[in-house]
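Please look at the structure shown here before reading on.

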Amino acid sequence: MSSPSARRPGSTAALERTVADHGDVPLDWRHKGFTGADSTIGELRASSRPLSSLGSPLMIIDRSAVHANITGMNAWCAERGAVLAPHGKTTMAPSLWLDQLRAGCVAITVANAFQLRVARAVGVPDLIVANELVDPRELAWIGTELDRDPAFGLTCWVDSVAGVELMQQALTGHGSRPLDVCVEVGGVGGRAGARDPLAVRAVAEAVVAADRLRLAGISCYEGAVPGIGADAAGLATVDAFLESVVELHHQLTELYESDRPVITAGGSSHFDRVAAAFGGLDGVDVVIRSGAYAVHDDLHYAQVTPSTRGAGPEFVPAISTWATVLSRPEPGRVIIDAGRRDVPFDQDLPIVLDARRRTDDGLRRIDPGATTVISLNDQHGYLDVAADSELEVGDLVRLGLSHPCTAFDKWRVIGVVESNQPDDPTVVDAVLTYF
């Protein structure tokens with residue numbers, strides 16, 4: 001099997017059928033924010049409905065922003081001779097994976113065997129597991145699945161001779177197609193990955209000696225290297241690490257078992273440095289695995305994305321959560337119905353973007369004034385507001401979020417609007433997630 005970008009991408013027909021079948025899913029009491037909707041996703045797609053007719057809290061995806069982000073990132077990669085295999089763990093949403101593949105992505109990246117199973121079940125044709133796989137049961141299934149579907153493309157990582165031996169043993173007797181692997185390189189004190197040239201070489205040689213594995217390339221995740229960051233010193237650390245990976249790649253050239261080996265890194269903060277470090281290499285497929293770019297955010301990635309240093313495409317925040325004011329017990333305090341179970345809080349607390357008031361004719365835009373989300377409980381958010389803020393009990397606030405990876409996992413169904421700009425945005429679709 002060829003590398004993810006060299007082989008012809010597999011058909012998305014099965015994934016398209018999955019997304020179409022989502023139209024039969026009921027929107028009712030089973031799904032937060034859709035209680036009382038009493039329709040199916042298909043009926044929502046066909047007729048749409050105003051945001052004011054749905055429940056709260058409700059996470060929303062701005063479809064026009066997602067389209068702009070996906071299109072912009074694919075074009076940016078293509079201009080630099082790289083391809084994109086976006087990290088699907090960010091959303092775990094088949095409909096968004098389909099949008100990414102249709103836009104030119106060569107594969108979907110996942111983080112573990114569970115996510116791999118999800119992606120296969122919904123029909124993703126080409127996958128990268130950006131991790132070590134060591135569970136014998138999962139490896140046996142992979143071996144069988146590779147033989148069952150000759151069009152299935154899969155690559156994963158390995159960072160130790162022990163891992164190679166375990167994979168070889170677990171795959172033996174389960175199928176005949178070899179599993180493509182990349183030797184993962186890591187930084188001292190960081191996450192997984194072989195730590196030095198001798199270890200990288202030993203792993204690569206062990207892979208070549210294993211008939212159930214095939215050495216497809218070299219991989220890394222620059223975001224897990226200690227000392228990385230967006231300042232000059234942090235960027236220098238990223239660059240030095242990526243250059244070390246390039247040097248290790250050159251040392252493995254005669255061992256690769258692919259005509260076009262893969263060299264791949266991932267992350268949504270430093271993909272510009274990845275493209276710069278790997279872009280001059282001949283005879284390789286440069287695969288970037290960024291994931292958050294599709295939906296971006298208003299806080300964490302807004303501060304660290306390459307465009308903040310003039311080195312990457314401009315992304316638009318495409319996710320937000322609508323919440324209702326439950327109480328204004330004091331002039332300077334508002335309580336809303338969105339908490340830790342509804343919005344991410346591991347990187348930053350949400351911010352208030354705008355607000356609406358319910359009227360007989362739907363929603364009307366109001367000015368929330370100066371507001372700050374100061375803390376979250378499981379089901380409540382605490383806002384400091386100006387004493388003269390317009391916010392009243394029953395009003396809606398739209399929250400800007402930080403860190404998409406911990407936003408999506410709180411929702412099984414997410415509403416989709418064409419835009420959040422109208423006073424009463426129109427919900428035109430719903431996205432299912434699989435966490």
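The sulfur of C156 has its closest cysteine sulfur in C182, and because 8.5 Å lies between them, they are too far apart for a bond. A disulfide is here a pair of cysteine sulfur atoms within 2.5 Å, and the structure holds zero of them. This is a predicted model, in which local features need pLDDT of at least 70 and side-chain atom pairs count only at pLDDT 80 or more, while totals for chains, interfaces and linings use all residues. Residues are numbered from 1 along each chain as its sequence is written, and side-chain values use heavy atoms, with hydrogens and water left out.

**Cysteines**

- C220 is likewise in no disulfide, and the cysteine sulfur nearest to it, that of C182, is 10 Å away.
- C156 counts as buried, with a relative accessibility of 0%, where buried means under 20% relative accessible area, exposed means over 50%, and partly exposed lies in between (1.4 Å probe, protein chains only).
- C220 is also buried, at a relative accessible area of 0%.

**Pockets**

- Rolling a probe the size of a water molecule over the atoms shows where empty space is left.
- On a 1 Å grid over the protein atoms alone, a pocket is an open set of points with protein on both sides within 12 Å along at least five of seven lines, a cavity is a set of points where a 1.4 Å probe fits but cannot get out, and lining residues have an atom within 4 Å of a point.
- The largest pocket holds about 450 Å³ of space, where grid points are joined across faces, edges and corners and a volume is the space filled by probe spheres set on the points.
- The largest pocket is lined by 28 residues, and those closest to its centre are Y221, G223, G267, S268 and Y301.
- The lining of the largest pocket has nine nonpolar, 15 polar and four charged residues, where Ala, Val, Leu, Ile, Met, Phe, Trp, Tyr, Cys and Pro count as nonpolar, Asp, Glu, Lys and Arg as charged, and the others, Gly among them, as polar.
- The second largest pocket has a volume of about 310 Å³, and of the 18 residues that line it, R63, V66, S95, L96 and D99 lie nearest its centre.
- Two or more residues of the second largest pocket's lining come from each of α3 (63-79), α4 (94-102) and β21 (426-432), and by class this lining has ten nonpolar, three polar and five charged residues.

**Cavities**

- The structure holds five cavities of 30 Å³ or more, and about 60 Å³ of space lies in the largest cavity.
- Residues including E184, R191, Y221 and F241 line the largest cavity, whose lining has six nonpolar, two polar and two charged residues.

**Helix α1**

- In helix α1, which covers residues 13-21, L15, T18 and V19 are buried.
- Seen down the axis of α1, these buried residues fall within an arc of 95°, so they line one face of the helix; the arc is that of the directions from the helix axis to the C-beta atoms.
- The exposed residues R17, A20 and D21 sit on the face of α1 turned away from its buried side.
- The buried residues of α1 pack against α2 (41-47), α4 and α5 (113-122), where contact means heavy atoms within 4.5 Å.

**Buried residues and their contacts**

- V417 has its place in strand β20 (residues 413-417) and counts as buried at 1% relative accessibility.
- The C-alpha atoms of V417 and A65 are 10.0 Å apart, although 352 residues separate the two along the chain.
- N69 is found in helix α3, is buried with a relative accessible area of 0% and, leaving aside neighbours within four places in sequence, is in contact with residues including Y293, H296 and F315.
- G266 lies in the loop between β11 (262-265) and α10 (271-278) and is buried, with a relative accessible area of 4%.
- Leaving aside neighbours within four places in sequence, G266 is in contact with C220, Y221, E222, G223, R289 and S290.

Definitions and conventions
Helix = DSSP H or I, 4+ residues; strand = E, 2+ residues; numbered from the N terminus.
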